[in-house]
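Start with the view below.

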Amino acid sequence: MANLILILGDQLTTDISALDNADRKHDTVVMAEVHDEASYTNHHKKKLVLLFSAMRHFARALQADGWQVHYHRYDPDNDARNLEAVVAGQLARTGADRVITTECGEWRLHEQISQWHERLGVAVEIRPDRRFIASKQEFADWAEGRKQLRMEFFYREMRKKTGLLMTAEGGPEGGHWNFDADNRRKWTGKPSAPAPFRVEPDTVTREVIDLVDEHFGDHFGTTADFHFAVTHEEAEQALQYFIDFALPCFGDFQDAMSDDEDWLFHSILSPYINCGLLDPLAVCEAAAQAWYAGRAPINAVEGFIRQILGWREFVRGIYWLHMPDYASENRLGNTRALPWFYWTGDTKMRCMHKAIDATRRNAYAHHIQRLMVTGNFALLAGVKPEEICDWYLAVYADAYDWVELPNVLGMVMHADGGYLGSKPYAASGKYINRMSDHCKHCHYNVNKSTDEDACPFNALYWHFIDRHREDFASNPRMGMMYRNWERQKPAQRSALLQRAERLLGNIEKL
Ligand code: FAD
Ligand code: DLZ
């Protein structure tokens with residue numbers, strides 16, 4: 001009995017469950033660059049280059065290791081425009097009578113693959129993805145009976161499960177589960193931030209860059225200065241580089257933003273973790289080792305591990321627990337179209353311009369830019385969740401529905417009614433000024449609220465608070481905001497609301 005083993009573009013590891021017990025002589029591994037996967041959203045050009053190049057390198061490594069691999073290169077004239085068509089073609093060619101794959105990360109594709117046994121007339125075995133630390137069932141068991149889910153409690157379970165940063169007595173290393181309070185320093189240029197880890201494109205990558213430029217020229221972003229890792233070995237080097245040069249300061253400046261530095265002390269590892277070039281648990285273990293070896297402080301290492309062991313696993317659990325309904329949630333009733341400047345970066349708001357421009361150049365922006373700048377603006381302006389979700393899905397090299405959707409719809413837009421986060425991350429320009437140096441370069445004045453040159457975030461913040469009184473006034477974590485709003489003089493409140501209305505009416509010109 002011969003099998004076809006389908007390995008998807010984000011499953012690039014020999015530890016993938018689809019390869020368990022495979023027979024290198026008789027089974028065929030199928031990997032395919034296809035139109036439908038490359039085009040279901042306006043993927044950033046660098047994301048396409050990363051995935052196609054990493055896929056090609058991975059297929060080569062498998063072949064060198066004795067696997068039979070059918071690799072389907074992207075060709076706009078090929079009739080096989082989706083994975084099903086490629087698999088159907090290979091079933092016919094090889095006579096295989098079973099397809100084996102590992103569960104995919106997106107509901108959309110999962111729905112399609114779940115129908116294949118009927119459509120293709122062969123058995124289709126879908127195996128669990130054990131790259132995640134919590135299985136879907138484990139998360140569902142943990143979530144059962146809880147009205148609201150809180151990442152912190154789930155994270156502690158994951159710490160206990162893995163033993164990461166746990167003492168022999170079963171307590172958290174350093175005496176606390178969470179050192180977040182130590183992770184909020186503004187960065188003023190010292191210590192200097194390391195340059196991002198770079199890999200110069202090899203022949204394979206250069207070929208892919210040409211392909212993407214030729215066939216995906218209308219996609220967002222640019223292929224210029226592509227320097228991502230595209231193999232396991234290179235991604236391992238990127239991890240080591242992060243641990244050596246950025247991890248020690250990761251904690252202190254985790255929430256900082258800079259007008260000059262795109263990457264600060266972030267790891268830039270999500271594109272690799274998400275496509276299989278790095279294993280998330282191994283990444284956490286490497287960071288923990290750095291702490292035990294005295295090479296990075298606890299607030300950095302715990303903060304970093306929490307993002308992967310906590311947030312990453314948590315959002316994935318929520319996604320699979322609540323799809324497909326989760327994707328259409330819009331509990332704040334937003335109706336506004338996404339402003340066009342999200343695609344161009346053409347806005348006078350310096351923080352927005354900087355975050356979008358970095359996104360366009362790098363297919364990357366760090367967490368606080370995503371959450372407190374582009375996300376915060378969409379929240380305050382009341383953008384339709386599906387439009388802002390599609391933007392985030394398109395523009396980042398690490399974006400896949402399972403991780404993007406809960407972060408955007410739940411964490412940023414609060415469109416799930418507070419299921420993922422206990423309060424919206426709404427903030428005025430004051431927050432952006434506290435955590436960055438953008439405001440001093442901005443056309444708008446962060447210290448003003450109602451004048452024509454006032455920072456738009458300020459009036460929009462109060463407009464958000466006012467228009468969602470019913471949603472949030474009784475939220476204990478929002479009480480202070482409402483008391484501050486009530487304390488302002490009626491004339492000031494009215495001026496703020498009028499200014500916000502003018503801004504919303506002219507949103508494309510901001
Ligand atoms: P670091 O700051 O170095 O963090 C370390 C690692 O922690 C990351 O590599 C990532 O694997 C993990 N991580 C951190 N925060 C989160 C989180 N909230 N959810 C899941 N994993 C997390 N992350 C994605 O991987 N794909 C996305 O599509 C994505 N979309 C996002 C959209 C919004 C609106 C927000 C607020 C966050 C989003 N994130 C997403 C989470 C986070 O912003 C990125 O993981 C992070 O910026 C990646 O850069 P880094 O590797 O330098 O991360
Ligand atoms: C994101 C993506 C892109 C751009 N292209 C491909 C592709 O050509 N072939 C493929 O197998 N996978 C691709 N992917 C990833 C999938 O769209 C999908 O997001 C994941 O496989 C879900 O686990």
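A search of the whole structure finds 35 aromatic pairs. Rings of Phe, Tyr and Trp (its six-membered ring) pair if their centres lie within 6.5 Å; planes under 30 degrees apart count as stacked, over 60 as edge-to-face and the rest as tilted. The model is predicted: local features need pLDDT of at least 70, side-chain atom pairs count only at pLDDT 80 or more, and totals for chains, interfaces and linings use all residues. Side-chain values use heavy atoms, without hydrogens and water, and residues are numbered from 1 along each chain as its sequence is written.

**Aromatic pairs**
- The ring centres of F139 and F314 are 6.0 Å apart with planes at 65°, so this pair is edge-to-face.
- F139 is in helix 5 (residues 136-143) and F314 in helix 12 (residues 298-322), 175 residues apart; helices (H or I, at least four residues) and strands (E, at least two) are DSSP runs, numbered from the N terminus.
- F139 is buried at 2% relative accessibility, and F314 is buried at 0%; buried means under 20% relative accessible area, exposed over 50%, partly exposed in between (1.4 Å probe, protein chains only).
- F220 and W343 also pair edge-to-face, at 5.6 Å between centres and 75° between planes.
- Ring pairs join F341, Y342, F377, W391, Y392, Y396 and F457 in a cluster.

**Charges over rings**
- The charged end of R316 sits over the ring of F132, 3.9 Å from its centre; the criterion is NZ of Lys or CZ of Arg within 6 Å of the ring centre and within 35 degrees of the ring normal.
- R370 has its charged end over the ring of Y396, 3.9 Å from the centre.

Note on methods
Chains are lettered from A and ligands numbered from 1 in the order in which they are written.
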